[in-house]
Amino acid sequence: MKWAEAPAGPQLLEALNAGAVDFGNAGEAPPIFAPAAMVDTSLSGARVARELDEVIARRGRPCMIVSDNGTELVSRAILGFCEETAIEWHDIAPGKPIQNAFVESFNDRLRDECLNEHAFSSLVEARRIIEAGYNTVRPHTSLGGLSPSMFASRSHEDQNPAGPNL
């Protein structure tokens, strides 16, 4: 099936895992950018849950969140977040990063386009460059040459006309 015809929620995850979704050209794939960037030496589940609350307040509630099995993402705080928000959480299978290919693609682009380009002298500098620069004002190829802030300011229908708002 084409991305535009893909189901939402758990059925989308099943279709993605089964390889049943054809993304066609790059214009049909969902955009890849981080709605938030937390730059630190470590992250707790409680901090991730707080950040997710802020993202939901700005961008709306997703039907599902897919993540790897990092300790901050399989914590009691995240379990509590899911119960409070009624958002479904899906952990990918250990050792199967392809099940979260959009995040893996974003991580590769962040590494290539930002982390490999800078020698950060401090955590403060890394936050300034990543949170304020890379994730906000720098144009991204996956967003059609728009910066994430420009992309986010568009209507939800305008952001991903080919598919559901995940």
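**View 1. Pairing of strands S1 and S2 in the predicted model.** Ile65 has Trp89 as its bridge partner in S2, and Ser67 stands opposite Asp91 of S2. S1 and S2 run parallel and are joined by four bridges; strands count as paired if DSSP finds at least two bridges between them. Helices (H or I, at least four residues) and strands (E, at least two) are DSSP runs, numbered from the N terminus. In a regular strand the side chains alternate between the two faces of the sheet. Residues are numbered from 1 along each chain as its sequence is written, and side-chain values use heavy atoms, with hydrogens and water left out. Because the model is predicted, local features need pLDDT of at least 70 and side-chain atom pairs count only at pLDDT 80 or more, whereas totals for chains, interfaces and linings use all residues.

**View 2. The β-α-β unit and helix H3.** S1, H3 and S2 form a right-handed β-α-β unit; right-handed means that, with the strands pointing away from the viewer, the path from the first strand over the helix to the second runs clockwise. In H3 (residues 76-85), the buried residues are Ile78, Gly80, Phe81 and Cys82. Buried means under 20% relative accessible area (1.4 Å probe, protein chains only). Their cover includes helix H2 (45-59), strand S1 (64-67) and strand S2 (88-91). Just after H3, Ala86 adopts a positive phi of about 60 degrees.

**View 3. The largest nonpolar core.** This core has 10 residues in all: Val48, Ala49, Leu52, Ile65, Leu73, Ile78, Phe81, Cys82, Ile87 and Trp89. H2 and H3 are the elements that give two or more residues to this core. A nonpolar core is a set of buried Ala, Val, Leu, Ile, Met, Phe, Trp, Tyr and Cys residues joined through side-chain atoms within 4.5 Å. A second, separate core of eight residues includes Val39, Leu110, Ala126 and Ile130. In soluble globular proteins, nonpolar side chains tend to be buried together.

**View 4. Surroundings of Ile87.** Apart from neighbours within four places in sequence, Ile87 is in contact (heavy atoms within 4.5 Å) with Ile56, Arg61, Pro62, Cys63, Met64, Ile65, Phe81 and Cys82. Ile65, Phe81 and Cys82 also belong with Ile87 to the largest nonpolar core.

**View 5. The whole protein.** Seven helices and two strands are present, in the order α-α-β-α-β-α-α-α-α from the N terminus. Of the 166 residues, 31% are buried.

Conventions
Buried means under 20% relative accessible area, exposed over 50%, partly exposed in between (1.4 Å probe, protein chains only).
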